[in-house]
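Hi,

Here is the model I said I'd pass on.

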Amino acid sequence: MPISSPKQTFLVIITITIFSLLGQGPVPVLARNAHVINFRSPNLYPESLAWDPLMQHFLLGSLHQRIIAAVSDSGIVETYISDTDLPEDVSILGLAVDTPRNRLLAVVHSYAPLPPFNALAAYDLRSRRRLFLTPLPSEGIDAANDVAVDYSGNAFVTNSGGNFIWKVTADGSASIFSKSPKYLADTNNPADDDSPHDSLGLNGIAYVNKGYLLVVQSTTGKVFKVDAEDGTARKVLLNEDLIGAEDIAVRSDGVAAVVSPMKELWMLKSIDSWSEGVVYDKVEVNVQRFPTSVVVGDKDRVYVLYGHVDEGRVGNSGRESFGIAELRSKREGEDESIWIFVLIGLGFAYFFFWRFQMAQLVKKMDKVN
């Protein structure tokens with residue numbers, strides 16, 4: 001078919017240019033290096049981290065010390081909060097930043113053989129003073145672990161020993177919130193006092209702004225969607241179980257990242273608000289450094305914490321070096337490369353079309369003259 005208009009010519013040029021670029025294989029693209037932060041803090045052994053978007057730094061708990069440390073993107077460490085009024089030798093585990101109220105929520109837990117202690121502490125991020133310390137109602141086998149917060153300031157704390165979720169209101173009132181039989185459907189394992197991990201049941205938790213929670217269960221590898229209003233839970237149908245899952249974080253585009261300290265980082269997507277989901281990529285982690293936490297930082301970047309808590313839980317105290325590392329999905333990088341090809345193709349096509357139009361204009365002017 002003959003080309004009868006400049007518009008048709010433009011479309012033909014675009015098609016030929018893009019296909020010729022894609023046919024040449026990958027085009028070298030300059031990309032920044034993944035962000036890696038190595039820092040030193042004697043005997044810290046942090047299990048989890050949070051990102052403070054206002055101060056633009058990471059906040060970390062400690063297995064052996066009653067402190068919360070701040071780590072800058074260049075690896076500068078500061079003791080941000082020191083709470084010596086907490087019981088001696090307790091651990092500060094899960095953390096969540098409540099940005100609207102400028103608060104930090106911290107899970108406080110004691111490991112055996114210490115007397116049982118499970119609580120949620122809230123701190124003002126400006127004054128760094130404690131706002132409240134709320135003991136969590138006991139059900140016998142308790143292991144407070146991780147925390148998430150909704151827009152109203154309600155905190156949701158996982159119980160890895162009892163397989164349920166506590167709720168602590170913005171003013172510090174605690175109750176058992178979600179105790180679904182679905183949490184026990186695939187496991188009958190009670191908490192094991194000889195286990196070094198307290199990770200047998202519900203573990204990492206994240207709040208999704210559509211009004212629900214996503215919770216991972218370590219022993220079964222299941223992910224649960226929990227209504228943030230009434231606590232009803234249902235299992236997310238996935239294409240594989242995430243055995244050993246320790247923590248979960250959700251990006252602004254809805255992608256979930258789940259980390260296992262002994263396996264990998266799973267990247268998950270859902271198109272139906274997590275009735276179903278799919279693992280679309282797996283990212284290698286350094287299992288020797290035992291990553292136990294994942295967080296979404298600045299510009300939606302995904303970071304894992306290398307806190308070496310496997311060493312800390314067996315009594316070691318000599319380590320000083322720890323790390324925070326950005327991890328990326330290779331499949332997402334491939335998709336970005338395709339779009340780069342398309343954009344380059346469009347640029348070339350526009351340039352050729354401009355030259356074609358200018359040539360046509362010159363011909364017309366020659367005819368007039």
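**Sheets, a hairpin and a pocket**

Four strands make up an open, antiparallel sheet in the order S10-S11-S12-S13 (strands are DSSP runs of E, at least two residues, numbered from the N terminus; two of them pair if DSSP finds at least two bridges between them). S10 (144-149) and S13 (174-178) are the edge strands, each with a single partner, so one side of each has no neighbour in the sheet. From one strand to the next the twist averages 30 degrees (axes are lines fitted to C-alpha atoms, and angles run from 0 to 180 degrees between N-to-C directions). Inside this sheet, S11 (residues 155-159) and S12 (residues 164-168) run antiparallel and are joined by 5 bridges, with valine 157 opposite tryptophan 166 in S12.

Before you read on: this is a predicted model, where local features need pLDDT of at least 70, side-chain atom pairs count only at pLDDT 80 or more, and totals for chains, interfaces and linings use all residues. Residues are numbered from 1 along each chain as its sequence is written, and side-chain values use heavy atoms, with hydrogens and water left out.

There is also an open antiparallel sheet of 4 strands in the order S1-S24-S23-S22. Its edges are S1 (36-40) and S22 (291-296); each has a single partner strand, so one side is left without a neighbour. Neighbouring strands here are turned by 20 degrees against each other on average, direction ignored. S22 pairs with S23 (residues 302-306) in the antiparallel sense over 5 bridges, and valine 295 has tyrosine 303 in S23 as its bridge partner.

Then look at S6 (residues 91-98): 8 of its 8 residues are buried (under 20% relative accessible area, with exposed over 50% and partly exposed in between, 1.4 Å probe, protein chains only). S6 and S7 (residues 103-109) run antiparallel, joined by 6 bridges, and valine 97 stands opposite leucine 104 in S7. The two strands form a hairpin with 4 residues between them, and asparagine 102 in the turn has a positive phi of about 55 degrees.

Finally, the largest pocket has a volume of about 1100 Å³. Of its 44 lining residues, Ala206, Tyr207, Val250, Arg251 and Val296 are the closest to its centre. (A pocket is an open set of points on a 1 Å grid where a 1.4 Å probe fits, with protein on both sides within 12 Å along at least five of seven lines; lining residues have an atom within 4 Å of a point.) S6, S10 and S22 are among the strands that each supply at least two lining residues.

Cheers

Methods:
Grid points are joined across faces, edges and corners, and a volume is the space filled by probe spheres set on the points.
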